[in-house]
Amino acid sequence: MHLKKILPISAFLFLFSSTIFAQNFTVSGTVKDSRNGEDLIGATVTVKENPLKTVFTNVYGFYSLTFLKGSYTIVYQASGFDKIEIPVVLEKDTVLKIQLSATVDELQGVTVKGHKTNKNVTSTEMSTIKLEPKAIETIPVLFGEKDIMKTLQMMPGIKGAGEGNAGFYVRGGGVDQNLILLDEAPVYNASHVLGFFSIFNSDALKDVTLYKGGMPAEFGGRASSVMDVKMKDGNSKKLAVSGGVGLISSRLTVEAPIKKDKGSFIISARRTYADLFLKLSGNADLKNVTLYFYDLNMKANYTITKRDRLFLSGYFGQDKFAFGSQIGFSWGNKTATLRWNHIFSSKLFSNTSLIFSNYNYQIDRSFSNQTFQIKSSIQDYNLKQDFSYYPNSNNTIKFGVNIIDHTFSPTHITGTAITFGDTLRLKHALEGGIYIQNEQKINKKLSLNYGLRYSMFDYVGKGTAYTYGNDGTRISQQDYTSGQSIKLYGGWEPRISARYQVNKVSSIKASMNRNFQYLHLLSNATTSSPTDLWVPSSNNVKPQIANQVAIGYFRNFKNNMYEVSVETYYKKMYNQIDYKNGAQLFLNTDVESELVYGQGKAYGAEFYVHKQIGKLTGWVSYTLSRTLRQFDQVNNGNWFPARQDRIHDIAIVAMYDITKKIKLSGNWIYYTGNAITWPAGKYIVDGKEIPYFTQRNGSRMPAYHRLDIGITWIQKKTAKYESSWNISIYNVYARWNPYIISFQQNAANPALTEALETSLFRFVPAFSYNFKF
Amino acid sequence: MKNIIYIILIIFTASCQRVIQIDLNSADPQYVVEAKLFEGTRDFTVRITKTSNYFDTVTPPSVNNAAVNVSSSTGNSQTATFMGNGWYKIPNYNAINNLTYNLTITVDGKVFTSSAYLPSHIAIDTITIDSTMGGGGPGGPGRGKRYRIRCGFTDPANVKNYYKLSYITNSGNPSNQRQYDIFDDRAINGLQTSNNLRGRFNEGDSVEVELESIDAKIYDYFNTVNAIAGRDINNNASPANPNSNIVGGCLGYFGVFTSDKRVVVVK
C-alpha cells in the first residue's frame, strides 16, 4: 500500500462534527429474535424523546447510542416484530440486550406479515433490496425449488439472464459485475445445473441484501452490484429440525444451541435426485447418465466472553454429471469464514474475518485406453478487519481494511497421452481495499452517508507476462519471480448517498458511487457454462470501472402498508471486455490476446410498489432502461445495444392468505426480448451458405412472459410441529419463451432457410412437502 | 462441452422446438468474391456473386461485369476471362512459392484489392489408418468397427505456418462435401507431426486428403468464418462477418494455397 494515499483518509476522519461532553453516556447491546435467538440485522433503535437519535443494528445485531445524562425511553423495532419500549435512567454506560417477538395478529389468528417500519423512507440507503427467505417462501418457482436469486430477479433493476442462465444483470452491468457474498466469502459461480437453480439453499439463509447502487464503502471488487447473503446463526433456544421433500430434491436442516443463549449451530443439506428417474427410462443412453447436485451449509457461533463472539461458517456444493465412464464433469464452490466479533468499548465494535473461497471444475474423459482431465480453478484467501465506531448519536463511522490472495489455475489438460496448457503456470494476484465511511445526521431533514474506498490490485509472479500484436501473436515476453509485481493497479472509489426527509412519510434520496473491478469472467457463448473463465487484471487486461449516479423518491402509504419508490440512474462503464471476431476462449493459453476493450452506458427508471401487510401482500415492479456498449473493433465503432438491453421489464408478485391454512400465490413476468445479432442476408462461399451480418445486436428476441401460480396448504400447525404441502405450476399458459432461436435448412426444401425456436419450460407442475419441529 | 450441455438440457427440460416466423433486418446486396490460386500451374478461378436476403430461396445473383487481374510480386500480370454465371478464369496460371500475389477486381466503379503470400510447399509424409471402436460420447460404443485417418507431415521450424487440412469421402457422391480443419504451428513448430482428420470412416471409403499451407490473413478468414458457420445450441454470442483479406468493401476471400493431395481407400 502507498502510505501517501492513506494519509488523506485520516484527514477524512475529522470531517464530521462531534461535540462530546463529559456528561454523555452510551447505551449499547444487541437485538435478537425471541423465538430462535437470531441476530436482528438493521433493527431500529430510537430515543422516543428525540426521534432524531436513531441507529440501526449492524449485521451482528449490535447497536450503540450516545446521548446526554437523563431519563429516556428507548424504542426497539423491526419489521415483522412487536415494538418494545424500555425506560432508561442514563447515568452511566448501559448495556441492553433486547429480544423482539414476532407480531401475531390476534384478531384473525393469522400471522400477517405484521408491523412494518418506515426504514425504507428514513434511511440513507437507496437502490437496495432486502429479502428474507421467510417472506417469499410461498412464491411459485420452477420445480418447487425455493430460490432467492430467482426472486431477486423480479425486483426492479435486476434482470435475470434468462432460463438456463445462471447470471443476472444489475442496472446494465454484466453478469460478472455482481459481487456475490455468502457470509462474506465471494462465490464465483452461484449456479447449479447450468443455472436452473442457484447454490443458495433458502433453508440456511437469514437475509439477503442486494445493492444496485450507492454501495457502502465497505464493499468493493465488482463494478455493478453487491449481493450480500447471510446464513442463519442457528437456533440458540432449542433444537429445531425442518426439511422438505420435493419433486427433484430433498432438504434437511438441523439447528440447536451449543449452550443456550450462548452459542448455536446449524447444518443444512440439500440433494437433487433427478437422475434417479433416468434409470427408469427406456433409453439406454439416458440410463447411463448421472446428474445431481448437493449443497451443505454449516455454521456455528459461540459467545466466549461478554465482549467476544466467534462464528465459523462454511458452504460446500458440487454438481456432478457423468455419462457412463466416458465423460465425467463436476464443478462446485467451497467457502469458509471464520469471524471474531470483539466489543472494544460500548462505542467501538470490531469484526475480524478470515475467509476462504474456491471454485473449480473438472472434466474427465476416457476412451479406448486413454484418459485425460481438463481442470481449472480460482481460490482466495481473504483477511478482513472491520470496525464500527459510534462517537455520538449523529454519526456512525465504519472503517476497515482487507487483503485477498487470489490464485488462478487456468484451464489445462492432463492425461495419459497429452499435456496441454498451463499445468504449472498458476496466476497470482493480491487485491486490497481500505475504506472509511460515516453515516451522519446533519439535521431533521438531511442525512448523509459518505465514504471513500481505496482499492488496489497487484498481479504478481511467478509467471511469464506476454504482450500481443494486433493479430494476436506474442510479440514479447518477460519472466517474473515469485511475488514480483507484474502489473499494479489502484484507484479511489468515492461513495456518497444522501436522504432528504420531505415529511414523515416521504423522502428524496440521491447517491453516487464509483467501483473498480479487477477480476473478469470470460464467456462468449449465448448460455453460461461452468467452464466460463475468471481472469485477473494483468498487463493486458485493465480493471473495469463503473461510475453511477442515482436519484429516487420514496413514499409510504397507510402506516407503511404500502412502500412506493421511483428511482432513476445513469451509469458509465469503462474498460469493458468483448471478444475478437472468432475468439477461442476455451483452453487457450493466450486468451488475453482474444479480447477487445470498450465502454458502456446504462440508464433507466425503476418503479416499485410493495404491499407488506394484510391478507394480500406482494409487489409490482417496472423497469424502463437502456444498456449500450461501444468498442472500436466492433460494429464499426458505433454504439450498440448490449445483450441485456431490455427496454421494459415487469414483474407482479402476489400472495394471498385465503384462510389460516390455505395460501395462494402467483407471479407474472414480462420483458422485452434480448438484443441479438441475426443475419441480414446470406451468401455462398466454398459451397457453404454463410450468414451476412450488418449490426451487432441489431435484432430482438420475441418478448418473454409467463405466469406461475402456487398453493400452499398448511396441514398442521402447532407450537411443536408444522407441516405443509406446496403445489405450483410454472408457466401456466405454456408460453413458448425462446431459449435459443437457430436457423436451419428446411428438410423438404433445402433451398429454404427457417427459424427454429427451442423453448425449455412450458407448463411445469411441481409439488413439495415441508415440515418443521 | 456441447454434448454435455445438450444432455443436461434434455434431462432437465421437456424442451420443445417449433419453426417460427421472425422478421430480420434487410441489407443492401454486397459483393462476394471467392478467388483461388494454387501453387504450380493450375487454373486461377474467381467467382463473384452478391448477397441475398436471408430467407430467400433463389440462387444468389451472379456478377458478370467485373474486370479481374492477378499478378505476382515479380510480374506475371494477367487478366481473367469471363466464363459466364459469375465465373472468371485464367487457365494454367503459374504460381511460384514464396511470392506475394495481388488481386485487383473492378466492378461498377468499385475496386477490390488483395494480396496474399504463397508459402513453401508442405508435403504429406504419411497417411495412417487406425481402427477405432466408436469413440466417446453418447451412443458411441457398439457401433461396430470404424476408422480414423491421420495425415503426417513435417512443420518447418523458424517460420510461422498456418494449415488447412481437408478431406472428402467418396467424392463421386455429389452429396458429400469437403470437410476441413485449420490450425497453426504453435503446438507443432518444427516437428514431424500427425493430425487426425475430424471424421470417422468405414471400410471401403475412398478418402481424398489435402494439406494446404496458407498465410496468416487467409487463416484468419477461415478461423472467423468457422466461428459463424455452426448452428449448434451453444452458439456464438457475438457473431460478425469473417475477417476478409480483400479490401474495398466486399465479402469472401482471396485464397492462395500450396497443395498436396493423397487418395486412400480404407481397409
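**From one serine to the whole chain**

Tutor: A:Ser724 is buried, because 20 other C-beta atoms lie within 10 Å. Buried means 20 or more other C-beta atoms within 10 Å of the residue's own, exposed means 12 or fewer, and partly exposed is in between, with C-beta atoms placed from the backbone.

Student: What kind of model and numbering is this?

Tutor: This is a predicted model, in which local features need pLDDT of at least 70 and side-chain atom pairs count only at pLDDT 80 or more, while totals for chains, interfaces and linings use all residues. Residues are numbered from 1 along each chain as its sequence is written, with chains lettered from A and ligands numbered from 1 in the order in which they are written.

Student: Ok, where is A:Ser724 found in chain A?

Tutor: In strand β48, residues 722–730. Strands (E, at least two residues) and helices (H or I, at least four) are DSSP runs, numbered from the N terminus.

Student: And what does A:Ser724 touch, leaving out residues up to four places away in sequence?

Tutor: A:Thr712, A:Trp713, A:Ile714, A:Gln715 and A:Asn770. A contact here is two C-beta atoms, placed from the backbone, within 7 Å.

Student: Zooming out, how many helices and strands does chain A have?

Tutor: Five helices and 51 strands. Chain A has a radius of gyration of 27 Å, close to the 28 Å from the globule rule for 773 residues, so it is as compact as a globular protein of that length. That radius is taken over C-alpha atoms, and the rule is 2.2 Å times the number of residues to the power 0.38.

Student: What share of chain A is buried?

Tutor: Buried residues are 48% of the 773.

Student: Switching to sheets: in what order do the strands of the five-strand open sheet run?

Tutor: The order is β9-β16-β17-β12-β13 in chain A, with mixed pairing. β9 (128–131) and β13 (185–186) stand at the edges with a single partner strand each, so one side of each has no neighbour in the sheet. Strands pair if DSSP finds at least two bridges between them.

Student: Which way do β12 and β17 of chain A pair, parallel or antiparallel?

Tutor: Parallel, over five bridges, between residues 178–182 and residues 225–231. A:Leu179 stands opposite A:Val226 of β17.

Student: Last one: what does A:Leu181 touch, again beyond four places in sequence?

Tutor: Its contacts are A:Pro186, A:Val226, A:Met227, A:Asp228 and A:Val229.
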